[in-house]
Amino acid sequence: MSVMNYLRCCVAAAIWAAFTAGAAAQSLGEEPPRGSELRRTLLDTVRPSAEVDLGVPVEFVVRELRVSGPWAFFAGDMQKPGGVPIRCAEIRYPDDCSLMDGFSIYALMSRQGNRWRLRDMHIGPTDVSWSAWPEQYGVPCRLVMWDDFCR
């Protein structure tokens with residue numbers, strides 16, 4: 001094999017590796033950048049329902065926000081605006097605090113036309129309550145779960 005053919009093979013292999021790595025990342029979804037319109041839109045899609053459920057204004061601390069095709073998954077924590085912690089005595093149903101694992105939130109959204117719609121949301125779950133979403137809604141498993149679960 002000539003040096004030139006060897007270099008062509010190396011370049012082709014590098015392009016293929018980059019392509020397949022990108023395809024694998026795609027199936028996990030892409031995170032909208034901080035400050036982007038899409039990120040703001042997705043969080044604003046979840047916020048009204050979270051505020052109604054808790055009965056207090058909320059600000060999100062994003063742990064994961066991923067979009068893949070018409071689906072978006074959000075996992076995070078809630079606090080009051082300005083970073084003030086939410087206290088159980090302040091929420092709509094204070095007795096529910098004993099059933100919650102903090103003020104975490106998990107939400108599934110779908111895009112319909114040019115609008116995002118909240119499909120499901122769990123606040124303070126004590127288990128992996130969103131693990132049923134791939135079967136229930138047809139969302140790609142790897143968008144909402146870790147690799148080992150989606151085999």
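# Reading a predicted protein model: a dialogue

Guide: Trp-146 is found in the segment after α4. Helices (H or I, at least four residues) and strands (E, at least two) are DSSP runs, numbered from the N terminus. This is a predicted model, in which local features need pLDDT of at least 70 and side-chain atom pairs count only at pLDDT 80 or more, while totals for chains, interfaces and linings use all residues. Residues are numbered from 1 along each chain as its sequence is written, and side-chain values use heavy atoms, with hydrogens and water left out.

Visitor: How many helices and strands does the protein chain have?

Guide: There are 4 helices and 4 strands in the protein chain. Along the sequence they follow the pattern α-α-β-β-β-β-α-α.

Visitor: Is Trp-146 buried, partly exposed or exposed?

Guide: Buried means under 20% relative accessible area, exposed means over 50%, and partly exposed lies in between (1.4 Å probe, protein chains only). Trp-146 counts as partly exposed because its relative accessibility is 47%. Of the 151 residues of the protein chain, 34% count as buried. The C-alpha atom of Trp-146 is separated by 9.0 Å from that of Leu-28, although the two residues are 118 residues apart along the chain.

Visitor: Which residues form a nonpolar patch on the surface?

Guide: Patches are made of residues with over 30% relative accessible area and no salt bridge; like charges are joined within 9 Å, and nonpolar side chains (Val, Leu, Ile, Met, Phe, Trp, Tyr) within 5 Å. Here Val-128, Trp-146 and Phe-149 form such a patch, with about 290 Å² of accessible area together. Accessible areas come from the Shrake-Rupley method with a 1.4 Å probe, and for residues only the protein chains shown count as cover. Phe-149 is found in the segment after α4 (141–144), and its 41% relative accessibility makes it partly exposed.

Visitor: How many salt bridges does the count come to?

Guide: Side chains of opposite charge can pair when their charged atoms come close. A salt bridge is a side-chain nitrogen of Lys or Arg within 4 Å of a carboxyl oxygen of Asp or Glu. By this rule the count comes to 7. One of them joins Glu-31 and Arg-39 at 3.0 Å, N to O, and Arg-39 is buried, with a relative accessible area of 8%.

Visitor: Where in the chain are Glu-90 and Lys-80?

Guide: The side chains of Glu-90 and Lys-80 meet in a salt bridge at 2.7 Å, N to O. Both Glu-90 and Lys-80 are in the loop between β2 (71–79) and β3 (104–112), 10 residues apart. Salt bridges that share partners join Lys-80, Arg-87 and Glu-90 into one network.

Visitor: Which residues line the largest pocket?

Guide: Rolling a probe the size of a water molecule over the atoms shows where empty space is left. On a 1 Å grid over the protein atoms alone, a cavity is a set of points where a 1.4 Å probe fits but cannot get out, whereas a pocket is an open set with protein on both sides within 12 Å along at least five of seven lines; lining residues have an atom within 4 Å of a point. The lining of the largest pocket consists of Arg-34, Arg-39, Arg-40, Leu-43, Asp-44, Arg-47, Phe-60, Val-61 and Val-62. The elements giving two or more residues to this lining are α2 (37–54) and β1 (59–68).
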